[in-house]
Amino acid sequence: MLNQILKKLFSRDLHKLKTEIESYQNEASLWIIDQSIANSAGNLCLHLIGNLNTYIGAALGNSGYIRNRDLEFSLKDVPREELLIKIDATVDIVNQTLDKITTEELEAEYPLLVLEGKTSTAYFLTHLATHLAYHLGQINYHRRLLDVN
């Protein structure tokens with residue numbers, strides 16, 4: 001049951017991420033940083049893709065994804081179309097993985113130590129959903145503040 005709730009939330013917010021990236025009128029604005037805004041929308045998008053592919057796709061779905069977290073924040077000017085393709089692929093891997101997770105696996109300890117202490121898989125997946133929502137809000141504000149025509 002929880003895996004289906006999480007699947008709906010991840011799907012909803014990843015589709016909203018796609019809508020946000022598509023909504024930039026000027027593609028170059030995806031990569032703007034300004035004053036105290038340290039991360040561009042493009043880099044936050046890459047970060048979310050890397051995060052979910054690592055902690056859901058690779059750790060729980062055995063996708064074989066290998067993360068390069070530094071590149072998530074240092075790459076610039078990745079074409080919008082490439083970001084959108086990566087978001088779609090992330091939706092697919094998250095959905096495939098969550099479809100296979102059992103109640104017992106949700107209640108079990110998450111296989112990686114990521115936070116300060118050990119957690120259940122259910123707890124960590126909930127953490128990932130809130131992490132996605134947090135950065136999605138940052139991207140929305142970034143677009144409304146810095147997307148210049």
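My rule for a pair: ring centres of Phe, Tyr or Trp (its six-membered ring) within 6.5 Å, with planes under 30 degrees apart called stacked, over 60 edge-to-face and the rest tilted. Before going on, I note that this is a predicted model, where local features need pLDDT of at least 70 and side-chain atom pairs count only at pLDDT 80 or more, while totals for chains, interfaces and linings use all residues. Residues are numbered from 1 along each chain as its sequence is written, and side-chain values use heavy atoms, leaving out hydrogens and water.

How many aromatic pairs does the rule give? I get two. Y55 and F124 make an edge-to-face pair, because their ring centres are 5.4 Å apart and their planes sit at 85°. This pair joins distant parts of the chain, with Y55 in helix α2 (residues 41–58) and F124 in helix α6 (residues 121–146), 69 residues apart. (Helices are DSSP runs of H or I, at least four residues, numbered from the N terminus.)

Both Y55 and F124 are buried, meaning under 20% relative accessible area; exposed is over 50%, and partly exposed is in between (1.4 Å probe, protein chains only). Y110 and F124 form a tilted pair, 4.3 Å centre to centre with 35° between the planes. Here Y110 comes from the loop between α5 (103–107) and α6, 14 residues from F124 in helix α6.

Buried or exposed, I asked of Y110? Y110 has 3% relative accessibility, so I log it as buried. F124 is at 1%, so it counts as buried.

**A charge over a ring**

I also looked at Y141: the charged end of R144 sits over its ring, 4.4 Å from the centre. The test is CZ of Arg or NZ of Lys within 6 Å of the ring centre and within 35 degrees of the ring normal.

**The core**

Next I checked the largest nonpolar core, which has 36 residues. Such a core is a set of buried Ala, Val, Leu, Ile, Met, Phe, Trp, Tyr and Cys residues joined through side-chain atoms within 4.5 Å. F10, L17, I21 and I87 have the most contacts inside it. Which elements give two or more residues to this core? They are α1, α2, α4 (80–100) and α6. The most comes from α2, with nine residues.

**One more helix note**

L2 lies in helix α1 (residues 2–23). I put L2 down as partly exposed because its relative accessibility is 32%.
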